[in-house]
Amino acid sequence: MMLVLGLLKEQTGIIVLSAACGIVAMDFSQEFGNSGKMQDYYYTGPVQHHFSPYTDNGGTVLAVAGEDFSIVASDTRLSEYYSIHSRDSPKCYKLTPSTVIACAGFHGDCLTLTKIIEARLQLYKHSNNKTMTTGAIAAMLSTILYGRRFFPYYVYNIIGGLDEEGRGAIYSFDPVGSYQRDAYKAAGSASAMLQPLLDNQIGFKNMEGVQHVPLTLDKAIQLVKDVFISATERDICTGDGLRICIVTKEGIKEDTLPLRKD
Amino acid sequence: MALASVLRSDYADFSFDNHKPFGFGLGLGKSDVRASLGEELSFAVQTSLNSSDGEGIERKIEFLHGTTTLAFKFQHGVIVAVDSRATAGSYIASQTVKKVIEINPYLLGTMAGGAADCSFWERLLARQCRIYELRNKERISVAAASKLLANMVYQYKGMGLSMGTMVCGWDKRGPGLYYVDSEGNRVCGDLFAVGSGSMYAYGVVDTGLRKEEGLTVEEACELGRRAIYQATYRDAYSGGQVNLYHVHSEGWTRVSQEDVLVLHQQYKPQPQA
């Protein structure tokens with residue numbers, strides 16, 4: 001789903017696939033008549049076949065920014081339609097000692113995109129003699145994604161890290177590069193389930209008479225674990241395992257949690 | 001092509017599409033991978049067989065974009081008011097989108113349509129405006145800035161860009177307001193509202209705008225705020241917060257940012273005794 005300030009038609013992952021690889025049903029026209037015997041097929045004319053360069057490999061990613069930390073989490077299931085390709089394919093990639101990117105969507109584009117980002121980071125390091133800051137990586141990713149405006153990377157990205165003042169920073173993207181800084185964001189197949197929960201627990205949205213307690217690291221980690229356990233219950237593409245990357249000024253720590261494998 | 005030249009950076013060329021800004025699929029021969037206008041992820045590869053039908057669907061013009069943005073000129077400058085909702089289908093992707101882009105301290109651009117399209121091209125416009133300033137040692141006029149933007153996107157006409165923006169500023173001719181969109185329109189005017197909630201906003205502004213006597217700054221701000229609020233009330237695709245800017249001779253000022261539910265309480269008619 002491309003982020004839109006306008007109305008663009010809804011396309012969920014599954015529907016995209018059926019629209020994009022709309023294999024126009026083979027004109028076999030094999031009909032099983034009353035007798036149960038297959039009847040002859042007849043030629044109806046040229047049939048159009050669609051090739052889709054994309055597929056949806058499922059997966060959910062989530063990021064939360066705190067006062068002096070960021071958490072980026074993803075499940076580790078790699079699926080395609082109703083099959084599971086791998087139970088141990090995390091979607092978080094470490095870019096710099098203070099930035100992690102999480103990518104959900106089409107796995108092929110996720111891999112290529114992360115390779116491109118890593119290469120650009122190195123080029124920047126060599127020409128400017130410093131590591132790219134989280135905000136700079138976000139701006140760069142936006143132009144990389146927009147460069148493929150007419151054949152997009154089918155990836156939903158979230159960058160999590162620390163900004164120059166040491167505060168947690170999350171940047172969420174749409175497939176063609178529109179981005180903004182958030183306090184928390186979920187993306188991927190179960191995003192529509194997770195985002196309202198985060199709005200409630202972290203954003204205290206539309207709640208009256210509640211004290212806005214700032215989020216501590218431990219509470220945030222516990223919340224992320226709970227939220228993924230819930231997502232696994234109700235989304236077929238999410239599950240198997242959870243990988244959490246915690247970014248603080250000390251560096252990046254990783255934590256794992258097994259999830260339901262069904 | 002503007003897009004190609006920007007991306008032809010000093011770095012090694014990692015963008016595969018650099019030399020093919022027309023969006024031809026890589027190695028797919030005659031096929032054309034295109035995002036149809038108004039449908040993000042339905043990328044149907046068009047073979048030459050289907051091109052006639054496909055183009056019909058793709059060229060269908062989407063006028064309604066789920067947003068409400070508004071700008072009008074008045075005696076003391078230009079008021080720019082926008083909502084802050086971004087939708088992906090019926091899912092609200094964000095309630096805190098910045099739909100006003102600060103091109104430079106005296107020029108503003110609004111966003112409607114595709115979020116990435118608007119922010120990318122307006123960011124490119126900011127760069128062009130700065131280059132103009134450096135070359136000519138004076139600020140760019142609103143007419144020239146809007147023309148630069150219109151010409152940039154005109155090269156991509158028909159390829160599926162979706163952008164409806166208002167360029168607002170103050171130059172030596174006074175307040176300036178232009179509407180520019182991805183179809184190639186560029187019109188100067190005193191009042192524009194863009195988006196699915198634009199009709200509701202027009203109704204409110206047309207009622208409140210008094211040409212003869214003029215409005216004070218506070219009255220104009222309140223009018224803009226009310227117009228966006230009413231649009232968010234009735235249009236499902238608009239909502240979030242109302243961001244209000246005022247452009248005057250010294251540049252622009254961010255007037256306010258108010259959540260619509262706060263405004264709802266404020267505007268609620270008091271119960272009759």
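A crossing of two helices is called right-handed if the near helix is turned clockwise from the far one by less than a right angle, and left-handed if it is turned anticlockwise. In the predicted model described here, α2(A) passes α3(A) in a right-handed crossing. The two elements, helix α2 (residues 107-128) of chain A and helix α3 (residues 134-146) of chain A, pack with their axes 11 Å apart and at an angle of about 130 degrees, which makes α2(A) oblique to α3(A). On the side of α2(A), the contact is formed by Leu113(A), Ile116(A), Ile117(A), Arg120(A) and Leu121(A), and these meet Ile137(A), Met140(A), Leu141(A), Ile144(A) and Leu145(A) of α3(A). By residue class, this contact of α2(A) with α3(A) comprises 9 nonpolar residues, no polar ones and 1 charged.

Helix α3 of chain A also takes part in a contact with chain B, where the axes of α3(A) and α3(B) come within 11 Å and cross at roughly 110 degrees. Angles of 65 to 115 degrees count as roughly perpendicular, and α3(A) and α3(B) are therefore described as roughly perpendicular to each other. The residues that make this contact are Ala139(A), Thr143(A) and Tyr146(A) of α3(A), together with Ala116(B), Asp117(B), Phe120(B), Trp121(B) and Arg123(B) of α3(B); they divide into 5 nonpolar, 1 polar and 2 charged.

The partner in chain B, helix α3 (residues 115-136), has 22 residues and reaches 31 Å from its first C-alpha to its last, a span close to the 32 Å expected at 1.5 Å a residue. The buried residues of α3(B) include Ala116(B), Asp117(B), Phe120(B) and Trp121(B), and these four residues also belong to the contact with α3(A). After α3(B) comes Lys137(B), whose phi is positive, near 55 degrees. Chain B as a whole contains 7 helices and 14 strands, and 55% of its 273 residues count as buried. Among the contacts in chain B with a separation of 6 or more, 58% are accounted for by residues 24 or more positions apart.

Elsewhere in chain A, Ala187(A) lies in strand β10 (residues 184-188) and, at 10% relative accessibility, counts as buried, because the cut-off for a buried residue is under 20%. When residues up to four places away in sequence are not counted, Ala187(A) touches Gly59(A), Thr60(A), Val61(A), Ala104(A), Tyr156(A) and Ile158(A). Of these neighbours, Ala104(A) is 83 residues apart from Ala187(A) in sequence, yet the C-alpha atoms of the two residues are 7.0 Å apart in space.

Technical notes. Residues are numbered from 1 along each chain as its sequence is written. Chains are lettered from A and ligands numbered from 1 in the order in which they are written. This is a predicted model: local features need pLDDT of at least 70, side-chain atom pairs count only at pLDDT 80 or more; totals for chains, interfaces and linings use all residues. Side-chain values use heavy atoms; hydrogens and water are left out. Axes are lines fitted to C-alpha atoms, for helices over the stretch in contact, and angles run from 0 to 180 degrees between N-to-C directions. Angles under 35 degrees count as roughly parallel, over 145 as roughly antiparallel, 65 to 115 as roughly perpendicular and the rest as oblique. Contact means heavy atoms within 4.5 Å. Ala, Val, Leu, Ile, Met, Phe, Trp, Tyr, Cys and Pro count as nonpolar, Asp, Glu, Lys and Arg as charged, and the others, Gly among them, as polar. The expected span of a helix is 1.5 Å times one less than its number of residues. Buried means under 20% relative accessible area, exposed over 50%, partly exposed in between (1.4 Å probe, protein chains only).
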